[in-house]
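Hello, and thanks for passing this one along. Here are my notes, point by point, to read beside the model.

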Amino acid sequence: MKMSFKKMKVWMVVILAAMIIVSIGWVWVVQLEDEKPIVDAQIPESLGRSFNISLDISDHRSGLRHIRAEILKEGQKKVLVEKEFPSDGILAGGKVHNESIVIDTKAKDLNISDGPAVLQMQVRDYSWRNWWHGNQASIEKKIHIDTKAPGIEVLTRAHNIYQGGSCLIIYRLTEPCQRSGVVVGDNFFPGCPGYFEDKHTMLAFFAIDYTQGSGTQIFLNAVDHAGNQTKAGFNYYLKEKKWKKDIINLSDRFLNQKMPEFDVQVSENSKNPLLDKFLLVNRKLRQDNAKVFKALAHKSEAKRNWEGNFIRLPNSARRAGFADHREYRYNGTVVDHQVHLGIDLASLAKAPVPAANTGKVIFADYIGIYGKTVVLDHGFGLMSLYSHLSSIDVQTGQLVSKGDILGRTGTTGLAGGDHLHFGMMVYETMINPIEWWDDNWIMHNITDKLKAVSEFVR
Ligand SMILES: [Zn+2]
């Protein structure tokens, strides 16, 4: 049967109408999509001499068309970045859907002066919205241009330091900083406000590691909130030390007695599993334990908890010294070398162990070669450590006074006989406790300095 001309006309109109509706729908949904580009930007509040801003921009539907970022200051516009993204043809939208941009520039190159400013950013897409202008994401943020580096004024005069020892420096900053402190070779010792009322006066305890000799670079460093950095040298006198050598003969009796305590697996092919286990404990576990102690540094509060000299385990004899270089022998053969970073003190078995000074318990647990251990925070990065205890009588978070009993001596961990391993740390560095037992040293190196500075700083 043939379709009449009239019927055909009706069908054509219907098909045409359908096509128009589909086209309008397509334009509406696809070309006129209304999703704004997404802008993920880390814009600091202050921009320094040189700065960089990282941006991640994306537009998942019609694609990225254009970005422009500029700084507005005193009626002037300084363009940081302007970029047009390619199109994939008039109907297909943009070629680029994701882009990471790093603005890396110098205030000097922009010819921009210090003071308040506004950072503006616009990102547009390839949508046909807004008369083919696209959807626009805008960011506007008040910023501060600061190209002045912080000033550092050292307030303490003498800085005499022994290798393996510690020192106090007090300095004043001309502006608030995100970070300041003492650089000692690869180590950094942060300075903290809080001791003096003046928020710009900083206290920093720093230490020379037992491995660091007179060639070590030591200076103050400060970075303000805009990222401007200052380095300042100061007067110091570093005295090198020679460390004692100590020989430890490992007996089968000792290994048989101690090794079951450690949950360390040795290779099945080991010819002497007991000795190999000891070597794993002495090397690998020792390093793992050191990391745990280092991680305690950030728990130290900017508050001086201690007063006067630190006390030594009463009626005790010194069995090993700080930084003794130990040579381990088994059946006459040298099998290992390690450095002892504390002082071993022996008294009667299970002797009560007093807190060397007022402090806060920041660690009270069993830890590898150190056995049952307590660590006290004395503030500004200064910490004391008590190991090989047979029992612990305090809990983490507890405040203790000088002389309070922390626990009892013992042989837990890698201890042959009953003794206390006493250590001290300044931030992440193990230091020689001898200085802190000495009234005179504390007077000349700490209290006199604090007194002198407090005469002209509030
Ligand atoms: Zn020890």
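1. Three strands form an open sheet in the order β23-β29-β27, paired antiparallel. The edges are held by β23 (352-354) and β27 (391-392), each of which has a single partner strand, so one side of each lacks a neighbour in the sheet. Strands here are DSSP runs of E with at least two residues, numbered from the N terminus, and two of them pair if DSSP finds at least two bridges between them.

2. A word on conventions: this is a predicted model, where local features need pLDDT of at least 70 and side-chain atom pairs count only at pLDDT 80 or more, while totals for chains, interfaces and linings use all residues. Residue numbers start from 1 along each chain as its sequence is written.

3. Val353 has Gly407 in β29 as its bridge partner.

4. The protein is divided into domain 1 (1-31), domain 2 (38-145), domain 3 (152-240 + 449-454) and domain 4 (245-427), with bounds from an automatic or database domain assignment. Between the C-alpha centres of domain 1 and domain 4 there are 87 Å.

5. Asp56 belongs to strand β3 (residues 50-58). Is Asp56 buried, exposed or partly exposed? Asp56 counts as partly exposed because it has 13 C-beta neighbours inside 10 Å; the cut-offs are 20 or more for buried and 12 or fewer for exposed, with C-beta atoms placed from the backbone.

6. Leaving out residues up to four places away in sequence, Asp56 touches Asp40 and Ser100 (contact: C-beta atoms within 7 Å). Asp56 and Lys241 are 185 residues apart in sequence and 53 Å apart in space, C-alpha to C-alpha.

Key
Helix = DSSP H or I, 4+ residues; strand = E, 2+ residues; numbered from the N terminus. Contact = placed C-beta atoms within 7 Å.
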